[in-house]
Amino acid sequence: MTRTVHVQYFAALREQAGRSAETCETSAATPRDLYSDLRQRHGLALPEALLRVAINEEFCDWERPLADGDRVVFIPPVAGG
Amino acid sequence: MQPFTFSTGTLRPESFREALCDPAAGGYASFEGWVRDHNDGRRVRRLEYEAFEALAIKEGSRIVQQAIEKFGISRAACVHRVGDLAVGELAVWVGASAAHRQEAFAACRYIIDEVKHCVPIWKKEHYEDGDSGWVNCERCAEAADGRPHEGGVPHSHDGPRGATAPHLPQDYSRQVALPEVGQAGQARIRNASILVIGAGGLGAPALQYLAAAGVGRIGIVDGDGVEASNLHRQPIFGVADIGRPKAVAAADRLRDLNRDVRCEAIVADATAENIDALVGGYDVILECTDNLRAKFLVNDAVVRAGRPAFFASVYQYEGQLQAYLPRADWPCLRCVWPETPGDGMVGNCAEAGVLGPVPGTLGALQAMQALQFILGLGPEPARGLVVVDLLSLSTRSIRAARRAGCDHEVPAKHRASTQEPLEVSFASLAEARAAGFELVDIREAWERRFDRPAERIELHLPMSELLEGRIAFPERGRYLIVCAHGVRSLAIAERLRHQGRADVYSMRGGLAAL
């Protein structure tokens, strides 16, 4: 089963992905699987341990089931000031 | 009797006292300021007082009126001498009559403190050696030096500016005009104290807006000096400030902007040793540093002390904001970032680059949030992270909840792990080996290609693989972790300490320091 999800990248992830957002057709069931696919596809360097994921504007854990139409955000902490 | 007057002749308190008599008053308190024969280690022969009279009378009368209302007393007045005074003469008199003694004492104290602080009166001291000098009014003197604070550097006004410029009262009319602010709101701002940790790209706008708004006391914590590469995003400084301690240069700028503000320059980095004392001394904390280590240090301290704090950080064209309020259900930084990422794993301004208005915008937002909090203006800040993208001008609020089992519930745990020094310095790798350390190089393979023989480290555990869990750090042994500049090694050492390893250290400055 595939779902359509809207993915947004922030900070170093955006740089590495070369885009700030994209819409994906995915068979991934969780954000963990989704990130693993995207990581390979875009050559993302950051391991998921350093990121947080949010779905529909709420932080969630990596095992939360993905639903069609979810807005998924991968976000690393930033430190500059 | 006028509430505030000047006199060119000898002051006679008996006549003033009579003017304060009131059938409803149960007592009267007065204060007399006298000319003393020494100041700052020098023998003083006589004094000269000069005032900007029209303004001083207006300002002084306002203070007396304020005291009458504030303490609910019957009557009060203040008389100040101008002109030449000899040692022992009466320079200023304050009196207050009230139903009860507490209010009389308090009002008297309030008036003399405020007059010395706010009224434009200058004092010229004539010393026994024939020399003379204008002495800063108390506000300049106090702002310029005086306060003993940790790590602070002695500092004095070097130009005539502080000593001779009249104290025009600060004009807050444009913000007082806001119906939600008004005089009551302005008083809340004046009574507030804010600690700004980091006088960089975020701190620069935050400090200036807070000082300009009239925040009563502002602490500035920064151990760095101003560098030429800072100016594009830290326009609080000028070219002439390059090389000066940031905290001191920023404090000077704020005094220039608003002399109502008491500025405390603390020339030190926030550390596990000083952070609790710093945070405990202020009402509201702004976290404006450029490293995660400091951010988590501040997070833990505000959680321990129960202080509201506003965090911000930037990366290239975007920024993140997080507010912490001391409430049982409010998420802290560790609730959002349970893994405690280290510096070097994510970019900072030096590595990733930054456009000045990005931290400028985020720092101004921090000042906005702090003023909003002080004024009690709704709505309350978002729980979690607000991400601001300056290119598309979009913001996104990502809600977080308090995380069960978050370290902030046992903040002492984190504190204990940071107390043993994490960094050690050596002049060579041989010296480190001689000190009994096993060395481990955590740089990536490509970084090792051009190492000179003296830089070679046998044990190579690339950071990327450590973080991914593909390789493990040795379980036993006293290790010194080395990288190029000491940033990544510190992050890894800190991470290991957090996991309970006590015997791991980071080599300060990395290989570049050898």
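A: Let's start with an open, four-stranded sheet in chain B, whose order is β1-β5-β7-β2 and whose pairing is mixed. This is a predicted model, so to speak of local features we need pLDDT of at least 70, and side-chain atom pairs count only at pLDDT 80 or more, while totals for chains, interfaces and linings use all residues. Residues are numbered from 1 along each chain as its sequence is written, with chains lettered from A and ligands numbered from 1 in the order in which they are written.

Helices (H or I, at least four residues) and strands (E, at least two) are DSSP runs, numbered from the N terminus, and two strands pair if DSSP finds at least two bridges between them. At the edges of this sheet are β1 (4-7) and β2 (27-34) of chain B; each has a single partner strand, so one side of each is left without a neighbour in the sheet. On average, and ignoring direction, neighbouring strands are turned by 15 degrees against each other.

Further in, β5 (residues 75-81) and β7 (residues 90-98) of chain B run antiparallel and are joined by six bridges. Ala76(B) has Ala96(B) of β7(B) opposite. Helix α2 (residues 53-71) of chain B touches β1, β5 and β7, at about 150 degrees to β5(B); axes are lines fitted to C-alpha atoms, for helices over the stretch in contact, and angles run from 0 to 180 degrees between N-to-C directions. Helix α3 (residues 101-118) of chain B touches β2, β5 and β7, making about 145 degrees with β7(B).

Now to another open sheet of four strands in chain B, ordered β18-β21-β20-β19 with parallel pairing. Its edges are β18 (423-424) and β19 (438-441); each has a single partner strand, so one side of each lacks a neighbour in the sheet. Three bridges tie β20 (residues 479-482) to β21 (residues 504-507) of chain B, a parallel pair, and Tyr479(B) sits opposite Val504(B) in β21(B). Across β18, β20 and β21 lies helix α18 (residues 487-498) of chain B, at about 170 degrees to β21(B).

There's also a parallel pair, β11 (residues 217-221) and β12 of chain B, held by five bridges, in which Ile218(B) faces Cys263(B) of β12(B). For helix against helix, look at α8 (residues 203-213) and α14 (residues 357-375) of chain B: they pack at an angle of about 35 degrees, with axes 7 Å apart. The residues making that contact include Gly203(B), Ala204(B) and Tyr209(B) from α8(B), and Gly360(B), Gly363(B) and Ala364(B) from α14(B).

What about the other chain? In all, 37 residues of chain B are in contact with 19 residues of chain A. Among the elements giving two or more residues to that side of chain B are β14 (309-315), β15 (318-324) and α17 (463-468).

Where pLDDT is low, the predicted coordinates should not be read in detail. For the complex, the predictor gives an ipTM of 0.87 and a pTM of 0.61.

Conventions
Two residues are in contact if their C-beta atoms, placed from the backbone, lie within 7 Å.
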